[in-house]
Amino acid sequence: MGDLLGFVLSGLVSGALYALLATGLVLSYSASGVFNFAHGSTAYLCALAYYELHSGFGWPAVPTALLLVCVVAPGLGGVLDRLMFRKLAGVGQTAQIVATIGLLVALPAAGRWTVELLERAGAPVLPAENQFGLPGVGPSPAVSWQPIDGVGVDSDQLITWITTAVAAAGLWALMRHTHLGLRLRAAVDDRTLTELRGISADRLSSMAWMLSSGLAGLAGVLATPLLGLSAHDYTLFLFVSATAAVLGRFVSVPLAFAGGLGLGVLQNLVAGYASFTDDITGFRTAVPFLVLFAGLVVLVRRQRAAGTAAADPPPVDYLAGKGWGRRWGGWVVAGALLGTAFYTVTTPFWSGILAQGLAIGLVFMSFTVVTGLGAMVSLAQATFVTGAALVAGLLMSHGWPFVAAAAAGTAAAALLGAVVALPALRLGGRSLALATLALAFLADQVLFQLGRLRNGDTGWEIPRPVAGPVDLADDRAMGLALVLLSAVLVALLTRLRGSRWGRAMLAVRSAPEAAAASGVSVVRTKLLLFTVSAGLAGLGGVLYASYNTRITATDFTAMTGLVWLAVVVAAGVRRPQFAVVAGLVFAVVPHLMTTYVTESAHLPVILFGLAGLALANDPDGYCAALPSRRAARRAATRAGDRSSAPPRARTADAYATGAGNTAPGTDGGPGETPSALRLSGVRAGYGGAPVLHGVDLAVRPGEVLVLLGPNGAGKSTLCRVAAGLLRPADGVVRVRGEDATRDTAVARARRGVRLAPEGRGVFPGLSIEANLALQLTEAEDRDAVYARFPGLAARRTVVAGSLSGGEQQLLALAPLLQRPPAVLVADEPSLGLAPRVVDEVFQLLTELRDHGTALLLVEEKAADALGAADTVAYLAQGEIAWSGPRSEVDRDRLAEAYLGTGVRR
Amino acid sequence: MPRPLRVIAAAFALLLVTACNSASSGGSTPSSVRGVTADAIKVGGIVSMTTASGYSKKDTDLGARARYDRANAEGGVNGRKIQYLGAEDDGQDPARNLAAARKLVQQDEVFAVSPMSSVTFAGADFLDGQKVPTVGWGTLPSFCGPAHIYGFNGCLVPTPGGTLNQTWPESLAAVLGGARGKSVALIAGDNDAGKFGIRTFTRGFKAAGFQVAYAKAVVPATSMPSDWSAYTKEILRSGPGGGAPDAVVSVMQTPYNIGLFTALKRSGYKGLITDPTDYDPGLLAKDATKQALDGVHVLLQFQPFESDSPAMRQFKDDIKKAAGKDVPLNMHMMTGYMSADLFLSIARKAGKDLTVESFQNAAAGFSDSGTLVGDRAEPKGKKESFGCGALVRLKNGRYEVAVPFKCYPPIPFG
């Protein structure tokens with residue numbers, strides 16, 4: 001029993017650190033949608049800074065720690081958010097994952113480089129080498145007690161417990177009892193809705209990142225005595241704590257916190273009791289990753305848009321329609337030049353480097369398949385490389401010829417790929433990335449520890465192949481052969497992409513359900529994709545190992561795979577030849593840097609890592625950056641030409657007889673009140689698809705404009721434009737006479753324009769009270785709402801998501817009565833409600849009008865809304881077909897508008 | 001066949017013919033000896049200096065420089081000065097290790113690489129293939145066998161069919177007053193290397209007469225446990241009659257040792273604790289490590305810095321000169337210094353006409369004695385370690401020699 005208690009208590013120490021890191025992960029993820037793989041690097045930076053400031057500069061322990069945790073770390077989080085995360089929120093998940101992985105590599109290197117520079121400048125810093133027994137905040141060496149027999153506690157552990165408990169309590173108080181916490185929870189629940197309420201989700205996400213960084217900093221400072229100064233260890237620690245984040249399903253802070261604590265205890269219990277695993281080398285090492293993997297597979301719910309879905313649509317092909325010469329001419333010339341260079345200009349050293357770059361380029365091509373084509377992030381590519389090379393080496397040691405051994409190795413890698421693909425069938429995006437990472441670690445720690453497979457530290461010899469007179473032991477011949485092989489693979493992959501199977505993959509990536517409905521097997525396609533990618537990585541691995549002439553089990557670790565991913569995605573994964581470029585850059589740049597720029601080994605690492613920053617601007621990578629930007633500019637110019645052409649159809653003017661309110665014209669004419677909201681000539685759409693073709697509308701204070709139109713007329717798009725969620729391509733939006741066209745949703749909301757979006761405008765995860773408090777900070781305002789709606793008052797602690805549709809709609813609209821906005825845009829407010837509730841909703845809206853609010857009611861069904869209307873407009877096919885006072889609405893006009901016949905010339 | 005494939009296939013055929021013609025002319029040897037001129041020998045080094053794990057061996061470079069500086073001050077080797085280019089940093093990355101080897105040979109055209117000290121030696125096959133004499137820390141299998149690669153204190157990786165170095169068991173027996181009836185517990189990391197370590201040391205300790213009460217490779221190898229009680233509890237109950245064993249032998253790295261030893265002491269263990277890695281005076285600079293390692297017996301395979309032999313005085317002198325000031329000594333300096341020393345000694349024996357062949361011939365029958373790593377002999381050092389070592393004990397913040405430096409006969413390892 002004493003044993004058990006001891007294990008549990010001391011397990012809570014690493015558990016506390018896991019909990020701190022996991023909490024930060026969940027906070028930043030839920031506020032910004034970016035899963036921060038670099039979280040551990042922030043912790044490492046703080047540990048390093050603490051060590052340098054405390055031990056190097058001799059600053060006192062506690063103030064230094066406070067400075068780092070409360071100022072420096074949040075500052076770093078804020079800066080990174082401003083520079084990177086904010087932009088990343090708008091790009092695909094792949095770019096997000098890769099960018100933070102790049103940061104994971106770059107941040108520690110930047111820290112060590114800073115120390116190096118400071119040292120050169122003569123500052124009293126200590127070398128940033130890993131050291132042990134570093135002083136923490138408490139006494140060093142730690143004081144230890146033995147309160148119960150067999151259960152020991154030391155001062156570092158005690159400090160970790162207490163600090164973590166205080167941090168947890170503080171966080172709880174912040175989230176539950178402050179307005180900031182309420183807003184944060186709201187932003188986590190529904191980011192867009194928060195913006196529609198005039199609360200800047202960007203500022204909230206900044207706050208979340210700062211909090212999250214602060215927690216990472218705290219974990220870093222606390223972990224200094226335990227982990228020393230190994231960036232690698234901090235990153236591993238982070239991956240383990242990602243398990244806890246998974247337990248919290250990436251959104252629940254309390255669950256993640258508890259999960260972290262539990263994980264620490266579990267690890268300790270396994271260490272203490274799992275003696276049955278003694279025979280499986282690496283099992284104990286692998287426990288956290290087993291838990292991570294199991295947690296992902298069991299706990300992550302299959303989401304509708306989990307990473308492989310529309311969140312990551314394939315990029316537009318900027319070379320579409322170009323001839324073969326335009327597409328390939330440059331590449332063929334470059335390849336021929338490179339091949340010739342081996343026998344003419346390059347020195348033996350550079351021949352070797354280039355051959356190495358080409359070999360690694362083959363491995364990189366595997367990313368083109370799984371990430372470029374499939375939009376899935378696999379962090380297990382290094383596993384396939386090692387697996388294939390080990391198998392090939394093992395077979396060659398038994399006398400197999402190179403080609404047969406390479407084929408067997410490739411097949412083994414493909415098989416491994418199929419195994420890794422199994423979670424991919426359920427998971428997507430960051431969950432898949434984490435699952436493949438867990439599998440990569442499991443392979444490193446268990447599979448590749450098998451003595452027969454790895455052959456100790458000696459590994460296997462993989463001599464360069466010799467075929468007749470062609471001896472690839474010569475680097476030049478090897479280089480040339482690799483150029484040719486790369487060319488063949490590029491051609492094959494390009495054909496593959498254009499093939500039936502490639503199209504199936506694109507379909508699965510964009511919309512798995514739709515693909516399945518069209519007879520494409522999602523399971524088979526994904527499985528095949530992973531298998532092909534793994535096989536390719538394996539083939540590249542065998543060749544790379546043969547360039548090295550040897551493979552050992554530690555040559556390519558899971559962490560190597562992370563760096564590879566950052567390098568190759570930075571170059572671009574949309575076309576296989578970019579992978580070749582990435583391989584060459586990866587091999588050549590460090591040598592150029594040491595020769596011409598700096599001897600420091602840190603700078604190339606920082607640069608490779610920071611390439612991720614560029615992804616925020618060019619998610620397609622640097623190889624495609626220039627041409628695709630040019631293509632985008634050309635497309636923009638073309639679009640501009642189109643929109644400046646005379647409108648295709650007439651607008652509502654011709655029909656707007658006698659409807660002075662909605663006629664276009666300048667506001668604020670003599671004696672006329674300016675419109676609360678006015679759209680003039682608004683064109684808008686999504687990507688290349690225009691939806692609104694020049695819409696004119698105006699609503700005046702205290703007036704209800706009902707916008708009717710059939711399904712697909714562009715009503716919701718119009719609402720989005722009115723609310724600032726969608727910026728019009730052309731035209732002007734005025735609010736109370738002021739030009740508000742370029743407003744964000746937040747700015748628009750602050751001008752007094754409110755959108756009650758289609759569906760319910762409530763935060764389903766927050767209680768009724770919290771929903772109200774978000775808008776009504778004064779308790780008496782909330783009491784007034786409760787007085788009016790006793791149904792809500794009785795259940796104020798119930799989460800809004802569990803209310804009926806009608807109650808939710810009332811909850812969304814009720815606070816507006818207390819603080820009437822200038823404009824309310826209500827998108828289908830009666831949708832799916834019982835008739836009795838619809839009456840109540842319209843009564844509420846009428847009341848709002850009486851308070852002077854200008855209402856723009858958008859409805860598909862005319863019957864309910866017409867009763868409340870002052871003015872009516874019909875929207876058909878993106879144009880106002882008719883508008884006028886309600887009195888002029890008749891059956892024919894309605895039918896005409898709905899059928900769209902009125903606008904046709 | 002579609003057009004692009006056709007073009008590529010044609011190019012393939014054409015270029016392969018070119019490749020055939022030139023492949024044979026690739027390996028021609030120049031008439032002069034690479035890196036050797038009338039008055040200089042060019043030598044480079046490969047050392048892990050900056051790594052993601054923060055582990056650095058950069059003082060290896062200083063040690064080598066110190067030794068070469070003295071050689072040059074004494075007139076060089078057979079009239080030739082050593083032109084030491086300094087060490088390339090491989091960052092513990094196999095790719096960079098190989099690239100560094102290639103750079104030294106193909107770009108800098110060195111005659112030899114010494115020191116080479118890293119946790120990876122991907123450049124080994126290349127260096128051996130290019131006939132580059134290489135001397136380094138023989139902790140990797142590449143130091144055991146290849147013709148041109150030498151470990152400064154021999155090959156430290158036992159191979160089945162070879163021999164086992166008995167320094168540790170024998171000197172431990174000396175401390176405990178004989179191995180008879182004494183029990184030891186061996187603990188290592190949970191990976192293949194740990195398993196191998198447990199296997200070899202179990203055999204070694206048994207051969208020396210110890211009773212091996214506990215021998216497990218169980219400690220998670222990549223993330224250090226924050227709590228060691230699970231391991232200490234098992235160890236402390238493993239001895240005869242459920243008591244504690246007489247000695248605990250850790251085959252792990254420093255951070256692990258610090259955790260384990262602290263936990264052992266807190267549980268009241270009074271026996272002997274020993275490990276092979278913690279001889280680093282830098283560890284004494286911090287109170288936490290000083291306390292954790294107090295009383296621990298550390299194995300080292302060279303003369304302890306505390307000994308007062310002429311060779312050791314010379315070593316300290318040379319290091320001080322090269323560093324320009326008094327620096328705390330560590331084993332990496334010794335690695336660099338003695339790698340350089342072995343290279344110099346063999347090169348001196350090779351005579352005035354220094355070529356790779358003459359170097360290899362000189363190495364084939366090389367032996368000397370009484371160095372900082374004991375009695376050296378090649379090619380014996382390609383198969384086994386020189387078999388010499390000492391035990392030091394950390395006491396009151398200082399290392400003391402517990403068992404003086406001595407060479408022990410190895411036992412067969414099957």
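Which residues of chain B does UniProt list for "domain: Leucine-binding protein"? The unreviewed entry gives residues 41–375 of chain B. UniProt positions follow the numbering used here, feature names are shortened, and annotations may be inferred rather than shown by experiment. The end C-alpha atoms of this span lie 26 Å apart, and its content is 39% helix and 19% strand.

This is a predicted model: local features need pLDDT of at least 70, side-chain atom pairs count only at pLDDT 80 or more, and totals for chains, interfaces and linings use all residues. Residues are numbered from 1 along each chain as its sequence is written, while chains are lettered from A and ligands numbered from 1 in the order in which they are written.

**Confidence**

The complex has an ipTM of 0.85 and a pTM of 0.84 from the predictor. Chain B averages a pLDDT (the predictor's confidence in each residue, from 0 to 100) of 87, and 93% of its residues score at least 70. Residues 19–31 of chain B fall below 50. Beyond near neighbours in sequence, that stretch has 13 contacts in the model. Two residues are in contact if their C-beta atoms, placed from the backbone, lie within 7 Å.

**Sheets**

Helices (H or I, at least four residues) and strands (E, at least two) are DSSP runs, numbered from the N terminus. Two strands pair if DSSP finds at least two bridges between them. Chain B has an open sheet of seven strands with mixed pairing, ordered β8-β7-β9-β10-β11-β14-β15. Its edge strands, β8 (211–219) and β15 (398–407) of chain B, each pair on one side only. The twist averages 20° from one strand to the next. Axes are lines fitted to C-alpha atoms, for helices over the stretch in contact, and angles run from 0 to 180 degrees between N-to-C directions.

Helix α5 (residues 167–176) of chain B lies across β9 (247–250), β10, β11, β14 (388–395) and β15 of chain B. It runs at about 50° to β14(B).

Chain A has an open sheet of six strands, also with mixed pairing: β12-β13-β14-β9-β15-β16. β12 (753–756) and β16 (879–885) of chain A each have a single partner strand, so one side of each is left without a neighbour in the sheet. Neighbouring strands here are turned by 15° against each other on average, direction ignored.

| Strand | Partner | Bridges |
|---|---|---|
| β10 (residues 272–275) of chain B | β11 (residues 297–300) of chain B | two bridges |
| β9 (residues 704–708) of chain A | β15 (residues 871–876) of chain A | four bridges |

In the chain B pair, B:D275 stands opposite B:V298. In the chain A pair, A:L708 stands opposite A:Y874.

**Interface**

63 residues of chain B are in contact with 75 residues of chain A. Elements giving two or more residues to the chain B side include α3 (94–107), α6 (192–207) and β8 of chain B. α1(B) gives the most, with 14 residues.

**A residue in chain A**

A:G56 lies in helix α2 (residues 39–56) of chain A. A:G56 counts as partly exposed because 18 C-beta neighbours lie inside 10 Å; buried means 20 or more other C-beta atoms within 10 Å, exposed 12 or fewer, and partly exposed in between, with C-beta atoms placed from the backbone. Leaving aside neighbours within four places in sequence, A:G56 is in contact with A:P124, A:V125 and A:L126.
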